[in-house]
Structure formats: C-alpha cells, structure tokens
Amino acid sequence: MAPDPWFSTYDSTCQIAQEIAEKIQQQNQYERNGENTIRLTVTIRTLLQNLKEKIALLKDLLLRAVSTHQITQLEGDRRQNLLDELVTRERLLVASFKNEGAEPDLIRSSLMTGGAKRGVPNPWLFEEPEEIRGLGFDEIWQQQQKIIQEQDAGLDALSSIISRQKQMGKEIGNELDEQNEIIDDLANLVENTDGKLRTETRRVNMVDRKSTSCERHSGRGNTSRGRGFPRSRETDAGLDPRTPGS
C-alpha cells in the first residue's frame with residue numbers, strides 16, 4: 001500500500017523546521033563570537049521560504065483529502081491540529097530569525113519537538129485518541145484506510161437498499177396506474193349503463209302513458225253502444241225481423 005503523501009510532506013516539513021531552528025542557533029552563536037553570518041542568513045531565508053511553501057502544500061493536500069472523503073472527519077481534525085502547530089512553529093521561527101522573540105527558549109523548544117520520523121509517535125499531540133495513541137503515521141494511515149473501506153461498504157449496502165426501494169416504488173406506481181385505468185373504465189361503463197337505463201325508463205313511461213290513453217278511449221266506445229235503441233223481441237229470439245212471417 002502506497003504511503004499517504006500528506007504524511008511524507010509533513011515529515012519533510014518538520015525536518016525543514018528542525019534545520020531552520022539549528023541554523024538560527026548557529027547564527028546566534030556566530031554573532032556572539034563576532035563571526036560572519038551572511039551565508040547563514042541567506043540559507044535561513046531560503047529555508048523559511050521553503051517551509052512556507054511546504055505548509056501551503058500541506059493545507060492544499062488536507063483540503064483535497066477532506067473534500068473528496070479520502071479521510072474521515074476525525075482524521076481531518078487531527079491533521080488540522082498538526083498543521084496548526086506547524087504554522088505556529090513557523091511564526092516562532094520567523095520571529096526568532098528577526099530577533100523578535102525569546103530566542104533561547106524558542107530554539108530549545110524547536111530542537112526538542114523537531115525531526116519527527118516515520119513510525120515515531122508525534123510529540124506535539126498530548127491528547128491523542130486512545131485508538132491511535134502510540135501508533136506511527138503509517139499505522140494511523142492504514143487504520144484510516146480500513147475505516148474508509150468499511151464506510152464505503154456501508155454506503156454500497158445503503159445504495160443497494162435504496163435501489164430496491166426505488167424499484168418497489170416504481171412497481172407500486174405501475175400497479176396504481178393500472179388500478180386507476182380499471183377504475184376509469186368501470187366509471188365509464190357505469191355512466192353508459194346509467195344513460196341506457198334512463199333512456200329505457202323514458203321509453204317505458206311513454207309506453208305506459210300510451211297504454212293508459214288507449215284504455216280510456218276503449219272504455220268510452222263501449223258506453224256509446226250500450227246507450228243505443230232497445231233490442232226487439234225478434235232480435236232477442238234470434239229471428240231476423242226483416243223476414244216476413246217469421
């Protein structure tokens with residue numbers, strides 16, 4: 001597994017800071033002895049510029065790793081603390097170089113905290129989490145990669161569940177569409193049947209009215225025949241009254 005570029009850059013930056021602290025101490029010693037310090041001054045300025053560029057690179061690498069989720073938020077905060085300590089150390093070195101700070105204390109502190117090596121616990125973290133306490137940079141990086149892989153596996157499982165739920169949602173939606181079509185067809189059928197029923201009802205009512213009217217006219221005709229001339233005895237006897245001698 002390839003080492004994390006952030007840690008390799010961080011190590012080289014710490015080495016530069018350590019070298020600057022040693023050069024400043026040497027420069028102060030030369031000044032006390034009355035020796036020429038021009039060459040040392042130029043070297044220190046170059047190293048300070050290099051240190052500044054390295055810190056800027058560390059900031060860029062950290063921002064990229066956090067934004068692309070290459071490291072966890074906890075690891076991002078831990079690296080940010082390391083970076084903040086390094087920035088503070090740079091400011092102290094610049095102040096010491098310009099004789100603006102307590103130079104002996106600064107140099108002693110720089111020499112004690114500098115030179116972090118690969119695989120050696122970082123001396124600047126006094127309150128490291130229990131799970132990474134005593135681990136080297138490589139071990140911490142491997143641990144973070146394992147955590148990221150577990151998170152990726154969890155995200156894959158969650159994505160699979162969401163995909164299944166999405167498919168179920170589509171199937172339910174299709175089923176609802178089919179049910180809605182059936183309901184629409186049933187509504188149209190009921191509407192058509194209701195229209196036909198109304199038409200037949202009107203026809204039945206019309207036939208009923210006509211039938212009632214015919215019965216009334218028929219009843220009036222029978223009444224008129226019953227009120228005619230009285231029937232003769234010949235007619236009652238079944239004889240034709242028009243036949244003589246009958």
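Axes here are lines fitted to C-alpha atoms, for helices over the stretch in contact, and angles run from 0 to 180 degrees between N-to-C directions. Two packed helices are described by the angle between their axes and the distance between the axes. The model is predicted: local features need pLDDT of at least 70, side-chain atom pairs count only at pLDDT 80 or more, and totals for chains, interfaces and linings use all residues. Residues are numbered from 1 along each chain as its sequence is written, and side-chain values use heavy atoms, with hydrogens and water left out.

**Figure 1. Overview of the chain.** The chain holds six helices and zero strands. Its order from the N terminus is α-α-α-α-α-α. Helices (H or I, at least four residues) and strands (E, at least two) are DSSP runs, numbered from the N terminus. Of the 246 residues, 25% are buried. Buried means under 20% relative accessible area, exposed over 50%, and partly exposed in between (1.4 Å probe, protein chains only). The chain exposes about 17700 Å², and carbon and sulfur atoms supply 53% of that area. Accessible areas come from the Shrake-Rupley method with a 1.4 Å probe; for residues, only the protein chains shown count as cover. Take the contacts between residues at least 6 apart in sequence: 71% of these join residues at least 24 apart. A contact means heavy atoms within 4.5 Å.

**Figure 2. Helix α2 against helix α3.** Helix α2 spans residues 38-67 and helix α3 spans residues 73-97. They pack at an angle of about 165°, with their axes 11 Å apart. That angle makes α2 roughly antiparallel to α3. Angles under 35 degrees count as roughly parallel, over 145 as roughly antiparallel, 65 to 115 as roughly perpendicular and the rest as oblique. The crossing of α2 and α3 is left-handed, a term for a near helix turned anticlockwise from the far one by less than a right angle; clockwise is right-handed. From α2, the contact residues include I44, L48, L51, I55, L58 and L62. From α3, they include L83, L86, V87, L93, V94 and F97. The contact divides into 13 nonpolar, four polar and five charged residues. Ala, Val, Leu, Ile, Met, Phe, Trp, Tyr, Cys and Pro count as nonpolar, Asp, Glu, Lys and Arg as charged, and the others, Gly among them, as polar.

**Figure 3. Helix α1 against helix α2.** The axes of α1 and α2 come within 9 Å and cross at roughly 160°. The two helices are therefore roughly antiparallel. Their crossing is left-handed. Contact residues here divide into 18 nonpolar, eight polar and three charged.

**Figure 4. Surroundings of T13.** T13 lies in helix α1, residues 5-33. T13 is buried, at 0% relative accessible area. Leaving out residues up to four places away in sequence, T13 touches L51, K54, I55, L58 and L86.

Figure 5. H69 has a positive phi of about 60°, although H69 is not a glycine. Most residues other than glycine have a negative phi. H69 is exposed, at 63% relative accessibility. V66 belongs to helix α2 and is partly exposed, at 31% relative accessibility. Beyond residues up to four places away in sequence, V66 touches I71, Q73 and G76. V66 and G76 are 10 residues apart along the chain, and their C-alpha atoms are separated by 6.3 Å.
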